[in-house]
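Opening the notebook on this one.

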Amino acid sequence: MATQVNPNIKKKHFIGVPSPLGYVPGLGRGATGFTTRSDIGPARDATDVVDDRHAPPGKRTFAAAHAAQKAKNQEEEEEEEDLNDSNYDEFAGYGGSLFASGPYEKDDEEADAIYEAIDKRMDEKRKERREQREREEIMKYRQERPKIQQQFVDLKRKLSDVSDDMWNSIPEVGDARNKRQRNPRHEKLTPVPDTFLAKAAMSTGHVNALDPRQQHMGGFTTPYPGGMTPGVSTPWGAATEVDWRKIGEARNTLMDIKLNQVSDSVSGQTVVDPKGYLTDLQSMIPQYGGDISDVKKARLLLKSVRDTNPNHPPAWIASARLEEVTGKVQAARNIIMKGTEVCQKSEDVWLEAIRLQPTDIGRAVVTQAVRQISGSVRLWIKAAEIEEEMRAKKRIFRKALEHIPNSVRLWKAAVELEEPEDARIMLSRAVECCPQSVELWLALAKLETYENARKVLNKARENIPTDRQIWITAAKLEEAQKNNDNVNRIVDRALQSLRSNMVEINREQWIEDAEECEKAGSIITCQSIIRAVIGVGVEEEDRKHTWMEDAESSTTHGAIECARAIYAHALTVFPSKKSIWQRAAYFEKNHGTREQLEALLQRAVAHCPKAEVLWLMGAKSKWLAGDVPAARKILSLAFQANPNSEEIWLAAVKLESENNEDERARRLLAKARASAPTARVFMKSVKLEWVLKETEKAKDLIDEGLKHYADFPKLWMMRGQILEQEGRTDAAREAYNQGLKKCPHSISLWLLLSQLEEKLCNITKARAILEKSRLKNPQCAELWLESVRLEWRASNRQIAQSLMARALQECPTAGRLWAEAIFMEARPQRKTKSVDALKRCEHDAHVLLAVARLFWSERKVNKSREWFNRAVKIDPDQGDAWAYFYKFETQHGTEEQQQEVKKRCNQAEPHHGELWCELSKDIKNWRTKTDELLPMVANNIKNMF
């Protein structure tokens, strides 16, 4: 029996409908999914064939397909792995940490810091052993694989045993090239004679006439040219020679005809000027040398800018200047005039148009410009510049002032064209229109009388209470009228007024104003300003240092009165400072008069009676002036203030000895030895007896002095020199040796002993003495220099060069060594050596002197004079530099230049230098003064050529 379905039963709405996206069966009731064999398919054997009929070879079985898929996955993993060196870690290898993909938290950071600290600590523990192991490995590597240079070290040492004959017997290297390579033949070119060219021309030409020989011989019986007469004297081809002169004349004639044809038209008007034709062609040469394509691009861009923004004035100006640069002046004028139509209120466009136009058209353009922009100062000034007549210029400026009465620039330009009286009237009106212009007020005050100028300046102060120049001008005005008392009051009131108006007092600006006042001749105003502002803004503990710097700065600028005022103010604040008095005294000595110096020194010794230098400067000033009694009086006062002072004793002795008062000098020295015995007093006593040829007394004094001062090297030196002068060389050697036992660090004693042995021809002994002295006194440039010179004088040039190299290594900054090394080189290498010397000793007087001598030897006079000036400026106490400088001026300078050098040398009073001391310390020249000694030293200098 068949079952019937009830049609009234309702079906579920989701039956037969596809499941929604993301639907998982049973997930809502908590069921979990699992995988069955039906989901992954039945188990397959490795040899079973895959279902894909189109699988490629090698992938048609399940085992092969699985292996291929696994290899593909490994390749993808290797591609994702970063094998860069920056990703390499010594602990984890490539790829970094195993948990690099995880989050990096604070705990991880602390752990990494701890591990890093531990690694650092462990590395420090192993550091010494690791470095030692690395050094051992390096040494082992170098022993196993030495350099080529090290392999030949022993052979290089044996080269020192090779003699000159063995060296010369070494055969020359032969040339292995063949004969053709050694002697290449150059291509030979022979010029073709004119006769050959003429023959070629004749062979290709047509003959339409017979010469006389052909007519005589007839037709084909004419002999071959040159066949009847031997040699080359037959005039063969002579008729075809080219006359180039006639061709040139024909060309000129043809050019003349063509120019004449085009010079006149039918109506008779000239079309082409024959004379100016070539000149016009020359003017057509383009003046712009740049790329034409760049010009076209720039022209196109500027045209685009003008079209896009026609009211942009720089576009019109740039376009006009581009055309001007390329030589198209008329096009530039047209463009800029079009720009004036578009940009009528642009001042720059009108100025450019005026510049480009000729003068007559420029006047019309400037007229249009001032109509459009009547308030432009630059246009009015340009209009005045175009005019040539003075009357027209004045008229334009007055017209401009009607439109712009408050323009300071216009008023100044207009006043400059007027006469003084008219200028004063115009300035009166100008200060009414421009009351804030300081320049107009000051200009009006200069043109007014004294009373009116005071009124003008008072009005200026009322209108401009914050400007200092008005006050300074008022002080100058009072000084010009000899009202010096009012000057100080005006400067003080100026500072008070400016401070009340909240104006900062700039100390540097006021000092500059004081220097300007000095240049203008207002000395009182200058000094008042210095006194008023010198202490502004300076801390109390910095006053002395700052004021001394200000005085030196003013002296450098040439403001002597400003510097004198600064020193005077400093001395009023610090009256007991010896250093300030001494600086002021040196300043007056260099820049002041003798009377000013002596007045200052009198005040100085009154405030600082214990300052021996000030007493001695005063005595010396009187002595140089010829007033010996006054000098003695000053020294006697100095004795009272400074009893038993060595300097004053010796100054008194020098004063007496220089004035031929030998007995008085002896008595003074005897008193000094009795009351204030010192080593210098004994030395001066010995020298006085020595120069007076009392050698026995000198020896007794030396013995007495050495009992008390055995470690004073000059006494030993004088004993040896006296014995050497007497011819007792053995005794002199003994004296020097005894002195060196007491004074092993006296360089002069070592040098004297070495020179004594050299005079006795004991070169070996002199060399040994210098080597011993260098051991006891290392890094001594004087001893190295004497060793080099000893070998050079002994003709051991190579040894001298080697010693100089060692000396420069031990004393790399010794200027005297570098100076000697320059002239030890050959002439071509001296310049290079001088450059090296200047790099090491840029500010050394010896090096500068050597460079000056080098330029002198090359006859570069101006450069040599410049370097001589540098040398004497950097060390004025170097007498050798002055002597070389004077010798140079005697050969290449004028009489004035020679006297200038001598004058500067007298002021410097040099005491050092090898050549200088050689003559100045000679007993024969003990009374020779500086101006007499300078020519003597210069005469002993050998010529540089």
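Predicted model: local features only at pLDDT ≥ 70, side-chain atom pairs only at ≥ 80, totals over all residues.

How many aromatic pairs does a search of the whole structure find? I ran it and got nine aromatic pairs.

**Entry 1: an edge-to-face pair**

The call follows from the angle, because planes over 60 degrees apart count as edge-to-face.

Next I checked where the two partners sit. Trp856 belongs to helix H45 (residues 845-857) and Phe888 to helix H47 (residues 879-892), so this pair ties together parts that are 32 residues apart in sequence.

Buried or exposed, I wondered, for Trp856? Trp856 is buried, at a relative accessible area of 1%. Phe888 is buried too, and its relative accessible area comes out at 0%.

**Entry 2: a stacked pair**

Then I looked at Phe868 and Phe885. The ring centres of Phe868 and Phe885 are 5.4 Å apart and the planes are at 10°, so I have this pair down as stacked. The cut-off here is an angle under 30 degrees.

Which helices does this pair tie together? Phe868 is in helix H46 (residues 861-874) and Phe885 is in helix H47, so the pair links parts that are 17 residues apart in sequence.

I looked up cover for both rings. Phe868 has 0% relative accessibility and counts as buried. For Phe885 the relative accessible area is 2%, which is buried as well.

**Entry 3: negative charge on the surface**

Moving on to charge. Which residues gather in a patch of negative charge on the surface? I list Glu105, Asp107, Asp108, Glu109, Glu110, Asp112, Glu116 and Asp119.

Asp108 lies in helix H3, which covers residues 106-144. Its relative accessibility is 31%, so I logged Asp108 as partly exposed. That value still qualifies for a patch, because the cut-off is over 30% relative accessible area.

**Entry 4: positive charge on the surface**

I also found a patch of positive charge on the surface, made up of Arg121, Lys125, Arg126, Arg129 and Arg133.

Where is Arg121 placed? Arg121 is in helix H3, the helix that also holds Asp108. With a relative accessible area of 51%, Arg121 goes down as exposed, because exposed means over 50%.

Terms used:
Residues numbered from 1 in each chain as written. Heavy atoms only, no water. Patch = residues over 30% accessible without salt bridge, like charges linked within 9 Å, V, L, I, M, F, W, Y side chains within 5 Å. Areas by Shrake-Rupley, 256 points an atom, 1.4 Å probe, with all protein chains shown as cover. Salt bridge = Lys/Arg side-chain N within 4 Å of Asp/Glu carboxyl O. Lys, Arg positive; Asp, Glu negative; His and termini not counted. Charge placed at Lys NZ, Arg CZ, Asp CG, Glu CD. Helix = DSSP H or I, 4+ residues; strand = E, 2+ residues; numbered from the N terminus. Buried < 20%, exposed > 50% of the residue type's maximum accessible area, 1.4 Å probe, protein only. Phe/Tyr/Trp six-rings, centres within 6.5 Å; stacked < 30°, edge-to-face > 60°.
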